[in-house]
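Please examine the structure shown below.

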Amino acid sequence: MSEKLYQIVASVMNVHVSQINDDSGAENLESWDSFNVYVLLDEIESAFDVKFDLAETLEINKVNDLKRLLKKHQKI
Amino acid sequence: MLKEKKLSHYINNAKSVTIESYEKKIRIAILSSFTMNGLDDTLRVKCSEINVGCMIYLADYKQYNQEFLNPQSGLYKFNPDVVFFILDNRTILGEPYHLPHSLSDENKRNFIHSKLEEINNIIKIFTSSSKSKLVISNIQIPNYSPYGIHEMHTDYGLFEMTNDFNSNMKTISKKSDSVFIYDLNGFFNRFGERNVFDYRQFFYGDIKISLDYIPYLAHDLMGYIKTILGLNKKCIVLDLDNTLWGGIIGEDGFERIRLGQDPIGKAYVEFQYVLLGLHQRGIILAINSKNNLEDAMKVIKEHPNMILREQNFSSLRINWNDKVTNLKEIAGELNIGLDSIVFLDDDPVNRELIKTMIPEVLTPDLPNDSSTYAETVMDMNDFNLLKITDEDLKRGAMYYQNQQRQILADTAKNLDDFLNQLNIKLTIKTANDYTIPRISQLTLKTNQFNLTTKRYQEEEIKKFVLDPNYLVGCAQVEDKFGDNGITGVFIVKKENKSEWLIDTFLLSCRIIGRGVESAILSYILKNAKDNGIVKVKGEFISTKKNKPCESFFLDSGFQKEGTQWVYDTNNTIRMPKHIACSVEK
């Protein structure tokens, strides 16, 4: 199931999917800025049919955070 | 239903858009009372999709007052062609948005009027120092009121404050020719506040139109860009079977095609109503269908549930020829460019054929489900005009009359006989408040019979009218089949006591070849002579499209002197015999 998540992150951050792993995030992706994170969230929420709390969205700094949240909401 | 791509698609594709490769360009400024990131990238990509290079100035949000009021601001330095100024209800209504109870009714009214005064001031300052068009949004009527169910019984409640603001915005915008209102409230209505407004995004970054909906907003704004650049569509060419009605007339027969009686049939009626609405706004309709003419015409003329009738179609190609040839013939008959045509056909094979063979024609995918046809057309942003003139409203009827003229031309003994039978009446009119919008429109869009192709906005025409050194006029052409409306324009510069210069001389393409151009020119020459003018000079500025008038001066007896053409008014001035010309003061 990570594959779908990686695909979305790669397409929003405009990099090849092979460059995406659980540690991809603000520290190592140039396009991961505060605005793009919200663009990413919008797409993940519609792709996985989920709605995160505001507080949850503020915890997201890398792909692993997204994974954790999706697991918490039982979407992966 | 319109399904937009995700915002990330636009953000990422915008990186590879280059503007240099496009001939048409536009400079767009975006100002707003909240975060609008992503709109710039979306517009860049959407413009490139229609071969327009766009340069965008995205002002820091909430800086709109400084941008508009300071003549040294980035906005004025950018020199935009169009400004999109997007407002939101929280910014405009301020604290009363949440706490309307804190103010008395009178204070609420004063508050709204002070806000309107601010906007009015911005408009005044901007329009006096920039030629750009200004598109301002109205504001969304909130879906919640602190008055609760009593909102509807409150004298001047929250909704009424918002309505009052919006309706006064409309009044303010009407005072200027370059200011237009974008119906942002309508945008929220269409998609729903609970989709468009996301509290998390609002708290996170003052985003008041959620990122998913930015591409939809851009789609709406493209409607303005297309019409500003003259890329709006003028004509819809329609298939018949399974497009205007369900079933195939040649196989199912008059009694069994589906049109109105059952749910499927009702979808086609709805679709026809939408098309008729566009037709009444000035969009030309035509038919391109493989059918027996007789079978199809029987439905169009006699089917009790047909909404569109024969007189609504300006050109008919109902035959067994291929659709590409038919479509090109329709464009020729109507004298419009292929790039101003939309082709609607339920058959994906036909659509693919047109897309491949005539890519200039816009061929949208019509979904399989006929219940979505109406929405598909309503979602298109290609049919807009910033100003609708009387001529636009009458256009459909005019093209129908043209068909009747063609029948006369085919049966007349010769050209003179045809022209004589037409009983052409030409009325020369001065430029005034009623004719100026049309005069400007004709200078902006006439390409073929246009000697100098100078483009003038309404404001510029007004300046000519006020200047005693200019003569601005237009010509209305009627004949026995009907009124063609204002179809000719001339602007003459009175250079000195003995010479006039023709600055602009144009004729709408649909009346070329009936001697009207000669009659208008004769009027100018005679007018010059009456004013003691010896020489009337003119210029032909060649463009890609104005070949039809390249020999006009020569044919009219002008002599070439350097780059100019000159007529000595001591020569005879002839008015074509078949035209009755009058002058309206």
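The charged end of which residue sits over the ring of Phe254(B)? It is that of Lys298(B), 4.6 Å from the ring centre; a charge sits over a ring if NZ of Lys or CZ of Arg is within 6 Å of the ring centre and within 35 degrees of the ring normal. Likewise, Arg27(B) lies over the face of Phe78(B), at 4.4 Å from the ring centre.

This is a predicted model, in which local features need pLDDT of at least 70 and side-chain atom pairs count only at pLDDT 80 or more, while totals for chains, interfaces and linings use all residues. Residues are numbered from 1 along each chain as its sequence is written, chains are lettered from A and ligands numbered from 1 in the order in which they are written, and side-chain values use heavy atoms, without hydrogens and water.

Rings may also meet one another. A search of the whole structure finds 29 aromatic pairs over all chains; rings of Phe, Tyr and Trp (its six-membered ring) pair if their centres lie within 6.5 Å, and planes under 30 degrees apart count as stacked, over 60 as edge-to-face and the rest as tilted. The rings of Tyr64(B) and Phe85(B) have centres 5.0 Å apart and planes at 55°, so this pair is tilted. Tyr64(B) counts as buried because its relative accessibility is 10%, where buried means under 20% relative accessible area, exposed over 50% and partly exposed in between (1.4 Å probe, protein chains only). Phe85(B) is buried as well, at 0%.

The rings of Phe271(B) and Tyr373(B) have centres 5.3 Å apart and planes at 65°, so they are edge-to-face. Both residues, Phe271(B) and Tyr373(B), are buried.
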